[in-house]
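The exercises below are meant to be worked with the sequence and the 3D view side by side. Each task is followed by a solution that goes step by step.

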Amino acid sequence: MTGFELAFTSALIFGTIAAALCAIVLTLRSAARKLDDTGRQTARWAAAVVIGWAAFAISFGAVF
């Protein structure tokens, strides 16, 4: 594994972790504050983006 591949993989993993934490915080905030429908929908979309990003990161890591 070259230095670039190692750095890219590390950035991908840490980016996924950071995005997951943001989505968890948004979801918990929406539950705690009982946001209106728009706020809950935004939190759900954020969680969906994180799940999609995690799936991409895992599949990318499996391929390379």
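At 65% relative accessibility, Phe4 counts as exposed, since the label buried is kept for values under 20%, exposed for values over 50%, and partly exposed for those in between (1.4 Å probe, protein chains only). The model is a predicted one, in which local features need pLDDT of at least 70 and side-chain atom pairs count only at pLDDT 80 or more, while totals for chains, interfaces and linings use all residues. Residues are numbered from 1 along each chain as its sequence is written, and side-chain values use heavy atoms, with hydrogens and water left out.

**Exercise 1. Describe the chain as a whole.**

Begin with the secondary structure, which comes to 2 helices and 0 strands; these elements are DSSP runs numbered from the N terminus, helices being H or I with at least four residues and strands being E with at least two. Next, take the burial: of the 64 residues of the protein chain, 14% count as buried. Finally, consider the surface, where the chain exposes about 5000 Å², 75% of it supplied by carbon and sulfur atoms; such areas come from the Shrake-Rupley method with a 1.4 Å probe, and for residues only the protein chains shown count as cover.

**Exercise 2. Find the aromatic pairs and classify each by its geometry.**

The rule must come before the count: rings of Phe, Tyr and Trp (its six-membered ring) pair if their centres lie within 6.5 Å, and planes under 30 degrees apart count as stacked, over 60 as edge-to-face and the rest as tilted. By this rule there are 2 aromatic pairs. In one of them, the ring centres of Phe4 and Phe8 are 6.1 Å apart and the planes stand at 20 degrees, so the pair is stacked. Phe4 and Phe8 are 4 residues apart in helix α1, which separates them by about one helical turn, and Phe8 is partly exposed at a relative accessible area of 36%. Trp53 and Phe56 make a tilted pair, with 5.4 Å from centre to centre and 40 degrees between the planes. Both of these residues lie in helix α2 (residues 37-63), 3 residues apart, again about one turn of the helix. Trp53 is partly exposed at 35%, and Phe56 is partly exposed at 39%.

**Exercise 3. Work out the surroundings of Thr16: is it buried or exposed, and which residues does it contact beyond its sequence neighbours?**

Thr16 is placed in helix α1 and is buried, with a relative accessible area of 14%. Its side chain reaches the backbone oxygen of Leu12 at 2.8 Å. Leaving aside neighbours within four places in sequence, Thr16 is in contact with Trp53, Ala54 and Ala57, where contact means heavy atoms within 4.5 Å.

Methods: A polar contact is a pair of N or O atoms within 3.5 Å; within protein, one must be able to donate a hydrogen and the other to accept it, and residues adjacent in sequence count only if both atoms are side-chain atoms.
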